[in-house]
Amino acid sequence: MTDLADLLTTLHPLEAKVLRALAGTDAAAGEARIAELAAIQESQARMASQWLLAKAAVEVASEDSTPFVALDETGQQFAKDAIPELAIRRKLEQGPAAMADLGDAKDLSAAIGALKKQKLITVAQGKFTLVAKADWSAIEADQQLVTKLATGERFFESDLGAREWKRATDLAGKPGKASLGIRRGEQKRRTLQLTALGRDLAAKAGDVADEVSQLTPEMLRDGSWRNVKFRAYNLQIPPPRSTGGRRHPYREFLDAVRRKLISFGFEEMRGSIVESEFWNNDALFMPQFHPARAIHDVYFVEGMPRAKDLPEPAASNVAAAHENGGATGSIGWRYPFDRDATRRLILRSQGTALSARQLGKNPNIPGKYFAIARCFRFDDVDATHAPDFFQIEGIVLGEEVHLRHLLGLMKLFGLEIARAEEMYFTPGYFPFTEPSVEAHMRHPKIGWMELGGGGIFRPEVTKPFGIDVPVIAWGLGLDRMAMVALGIDDIRDLFSPDLDFLRSRKSPILG
Amino acid sequence: MPTILVDLDDFYALVGDGYQPARIEDDLELVKGEFKGPDPTTGRTRIELNDTNRPDLWSAAGIARQIRARRRGKTETHAAFAATPGGKKILADAKAADIRPYVAGFIARGPAVTDASLAELIQSQEKLCDGYGAKRKTVSVGIYRAQKIAFPVHYRMVDPRTAKFVPLGMDDELNLAQILEQHPKGKEYAHILAGKPLVPLLQDANDQILSFPPIINSRAIGEVVAGDTELFVEATGTDLRSVLLVENILAVDLEDRGWTIEPMVVEYPFDTPFGREVRAPYPLPNEVEVPNDDFNRLLGGELSHDEIAKQLRAYGCDVAKSATAKHTTRVSTPPYRQDYMHPVDAIEDLAVVVGVNTLEPIWPARFTPGRLATLTLLEDKVRELMIGLGFEEIIANVLCSKVDITERLRLDGSQVVAIENPMSESYAALRPTLLASLLAVEERSAKTAYPHRVFEVGEAVVRDDDENHLSRTEPLLGALVAHPEARFSDLHSVLSYVAFYLDVAIELRPLDRGCFLPGRGAELVLDGKSVGMLGELHPEVLERWGVKMPASYLELRISALPDAR
């Protein structure tokens with residue numbers, strides 16, 4: 001009996017109502033009937049019945065299903081306009097026509113096939129013609145059927161004439177054929193009855209109705225809560241789903257990186273997406289003939305406009321650095337620097353443009369700066385290339401800064417930001433740094449991957465801005481790690497517009 | 001960054017001394033190379049070379065030379081640079097000065113060409129022309145069967161309709177204009193000669209045509225085959241130093257494979273940076289003077305001067321005391337390198353040969369305060385307020401299609417900054433508003449339970465002819481609500497909540513804008529300036545995005561808030 005008592009304490013009022021409704025009738029009852037008897041919604045009756053079935057308090061007494069036919073969206077359209085066969089006839093009544101002139105209605109080619117088979121139309125030299133004096137009555141009957149089906153939601157056998165029912169079910173039974181938008185369905189019906197347990201419960205369920213489900217302000221005011229019994233909850237019932245405000249999972253990842261960089265003493269840089277070639281490339285000592293600067297590697301602003309101003313003397317110093325080294329101690333790239341092309345406006349292709357700008361802003365020495373910058377490259381968009389993407393990079397300025405500090409920083413980034421399990425370095429090449437290195441790391445989930453690159457800015461990059469101390473420049477490639485953190489394998493999903501997808505991403509704790 | 005194919009046995013033999021590495025990756029660090037595994041079609045090994053300034057490393061012979069130097073502690077001297085020119089000449093044309101001024105060539109004699117060595121030679125030629133010669137624009141190379149040539153060779157500028165010959169890959173005689181129009185290489189490289197009334201032609205003393213540089217060789221002379229033992233190797237281009245460097249590299253690669261190089265002289269009727277008579281291979285200087293302390297200062301190392309010299313020699317460099325400056329070292333390389341622009345370049349060589357992994361990583365010692373940009377702090381504040389109100393954040397791309405803005409949002413396109421050379425129409429403009437991004441979410445998410453309350457705080461770009469870059473990058477708040485009862489007031493209330501906590505007094509003024517229902521759009525005004533918009537989205541707009549739910553939109557220019565400054 002304890003089981004029964006347990007069940008009773010967690011019995012939901014709806015369940016109690018269903019039990020009593022079934023106890024009050026001799027026959028088994030369907031959910032619609034139960035709802036009527038219990039004076040509750042049919043959906044409530046279905047829900048409570050489901051719970052009671054799970055508790056074996058009720059059982060299915062009978063179950064049957066009744067076939068019906070109904071129109072889908074295409075069929076509704078056919079009912080409004082015309083079925084494809086009749087639409088074709090209307091067209092051809094105006095004279096012979098080619099396939100392309102018959103329009104682009106749904107199921108057109110299937111309809112043409114059917115009409116040819118029934119010898120209602122013929123085809124000659126790619127044009128269709130109506131057959132004279134043909135019998136279109138079957139087609140017209142189909143149209144009447146479709147029109148009739150549009151007048152209601154579901155039609156059972158009893159709702160239609162015998163020929164109509166046969167034709168409708170025949171059409172609906174042929175998937176992929178010209179089914180005229182008629183589909184077939186089964187309406188399931190069942191009746192339920194009490195089990196022995198259910199009868200016991202029903203006998204006691206009368207008490208449940210007197211239990212209280214909710215504490216109210218009135219009860220607290222008048223003290224009546226002392227005299228009522230609170231129904232115990234069934235903890236296994238799933239709650240309604242909550243949605244709420246939330247940071248984007250990729251934002252969480254980027255914020256975690258930002259937090260780390262702040263903690264390492266880096267100051268943030270921001271800047272314009274539309275950038276001049278000067279800041280994006282020339283200030284970084286990338287020669288104007290560099291392969292990565294061709295028209296097919298960067299996006300230019302429409303109309304090829306130029307920036308109005310470049311800062312002096314920096315712009316002249318940079319030009320001299322390219323041409324002959326200027327005052328940088330270099331012999332330069334030794335080519336005539338194009339002072340017009342340097343002003344061309346492009347979409348920032350590398351975050352290093354912000355580092356170059358920082359050099360021109362009288363930066364702190366010692367100083368550390370970073371940016372998480374939106375960048376744009378001329379690439380086909382696919383699973384590894386988003387239309388635009390974030391680059392994470394920065395610089396460190398200091399009298400005593402050298403290559404080992406760069407290695408130390410990269411190692412710090414690897415261990416603290418990227419959760420590297422092991423790291424090593426290889427020599428690298430970037431036009432704006434010398435020496436240059438690339439950092440490789442073993443990620444717990446991805447395995448060996450490239451963490452990023454860095455180097456010491458060439459004097460040709462720093463001296464035009466009057467900076468005489470070494471400047472470390474570094475960049476991190478964290479997209480794959482972001483993808484792992486978010487559980488995705490297509491980089492475009494970092495920018496997904498699908499709310500269900502975003503809601504399904506977990507919120508991992510990111511260092 | 002070229003990727004080359006090497007035959008490992010051939011490569012090991014080129015290194016010599018019984019070279020058989022346990023891990024080739026370690027030695028490839030010397031050349032900034034990455035081992036990319038076997039090539040599926042040829043079975044040869046793929047190596048990617050990362051240094052675009054070291055074309056001498058873009059061949060098996062070049063990589064082998066660098067590895068051999070470290071194993072032997074020094075590099076060998078190549079006879080090609082000391083050898084005396086044998087009397088064969090190339091005569092250049094005064095008219096070349098405005099077209100393709102420079103030419104250089106040498107003769108190589110050696111073991112008969114094999115299929116393998118021919119493939120190797122063609123690969124070198126292609127990598128140098130593509131990667132270093134800007135796809136033949138600044139340098140292109142031609143290799144010929146020398147026995148068939150009567151010297152001297154003439155480098156002439158001719159009318160493209162006059163000269164004709166049978167080009168490689170074809171059976172019929174074509175004139176040069178026809179080659180540019182019909183031959184696949186002609187079509188590919190015609191742009192290099194676009195607009196030139198005269199074009200280059202190489203002819204021998206008997207007026208036989210060798211080639212039409214930089215387009216295609218003649219089939220008769222310019223098709224090297226297995227068994228050939230004497231080659232004429234020329235390069236033409238727009239920059240003499242680059243032309244000579246390419247010749248130098250090809251010469252040492254051949255010499256390392258057992259060929260003997262006979263230098264040739266080009267006679268110019270005009271002055272060149274290297275005089276009027278220029279030999280190839282040419283002893284191009286590549287040297288820097290490095291203050292002794294700078295090595296350790298930049299690398300953070302503690303190497304003795306002797307150790308530095310020893311290591312640099314093992315990288316193939318020559319090391320001596322500076323003739324002019326005290327406590328300074330002159331570092332130079334053989335003439336197949338032209339990458340020394342500044343002393344740091346020699347310091348990097350030292351880092352590479354010592355091995356960057358032998359340097360112990362340390363942290364920068366000086367304290368610096370970390371700090372977010374003011375704009376970012378403000379963005380974060382706005383995000384926090386929106387999330388507190390139950391809005392879900394999205395992040396969208398900044399690139400969009402122009403049609404999204406002008407037609408699907410019914411906005412005036414004059415604010416749009418578009419791309420001159422878009423890759424695809426879908427990403428041909430920078431978004432001037434976040435509305436398209438948020439409607440894209442609605443377009444995609446009809447199956448997600450309503451209400452939808454979404455926002456983005458992100459950058460947009462607005463055209464502004466008063467600005468230096470003719471545009472402004474604007475961080476914006478965009479917020480959209482969509483549900484059966486979505487109203488203006490939903491987001492009006494959000495705006496007033498956000499404005500209260502940001503401590504700004506924003507007024508609304510009527511706004512007639514295509515994206516909003518007439519009479520239900522508002523401009524946000526702060527201190528007399530427009531700082532955004534708010535309104536019920538026009539059903540026409542919703543329809544164009546396939547959205548079947550009423551929606552309202554709020555946009556606030558974060559950079560226009562007083563705290564942004």
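The following paragraphs describe the interface between chain A and chain B, then a strand of chain A and a sheet of chain B.

The structure is a predicted model, in which local features need pLDDT of at least 70 and side-chain atom pairs count only at pLDDT 80 or more, while totals for chains, interfaces and linings use all residues. Residues are numbered from 1 along each chain as its sequence is written, chains are lettered from A and ligands numbered from 1 in the order in which they are written, and side-chain values use heavy atoms, with hydrogens and water left out.

The size of an interface is often given as the accessible area lost when the parts come together. Here chain A and chain B bury about 8,100 Å² between them, 56% of it on carbon and sulfur atoms; buried area is the accessible area (1.4 Å probe) that two parts lose on being put together, summed over both. Chain A brings 96 residues to the contact and chain B brings 87 residues, where contact means heavy atoms within 4.5 Å.

Twelve salt bridges are counted between the two chains, each being a side-chain nitrogen of Lys or Arg within 4 Å of a carboxyl oxygen of Asp or Glu. One of the salt bridges joins A:R503 to B:E392, with the closest N and O atoms 2.7 Å apart. On the side of chain A that touches chain B, helix α16 (residues 403–417) of chain A gives the most, with eight residues; helices (H or I, at least four residues) and strands (E, at least two) are DSSP runs, numbered from the N terminus.

Within chain A, strand β10 (residues 367–376) has ten of its ten residues buried, so it is largely enclosed by the rest of the structure. Buried here means under 20% relative accessible area (1.4 Å probe, protein chains only). In a regular strand the side chains alternate between the two faces of the sheet. Both faces of β10(A) are covered, with A:Y369 and A:C375 among the buried residues on one side and A:F370 and A:R374 among those on the other.

Strands pair if DSSP finds at least two bridges between them. Strand β10(A) runs antiparallel to strand β11 (residues 388–397) of chain A, joined by ten bridges, and A:A373 has A:Q391 in β11(A) as its bridge partner. With strand β7 (residues 267–268) of chain A, β10(A) pairs in the parallel sense over two bridges; A:E267 stands opposite A:Y369.

In chain B, seven strands form an open sheet of mixed pairing, in the order β19-β23-β24-β28-β27-β26-β25. Strands β19 (392–393) and β25 (507–510) of chain B stand at the edges with a single partner strand each, so one side of each is left without a neighbour in the sheet. Strand β25(B) pairs with β26 (residues 516–526) of chain B in the antiparallel sense over four bridges, and B:L508 has B:L524 as its bridge partner in β26(B).

Terms used:
Buried means under 20% relative accessible area, exposed over 50%, partly exposed in between (1.4 Å probe, protein chains only).
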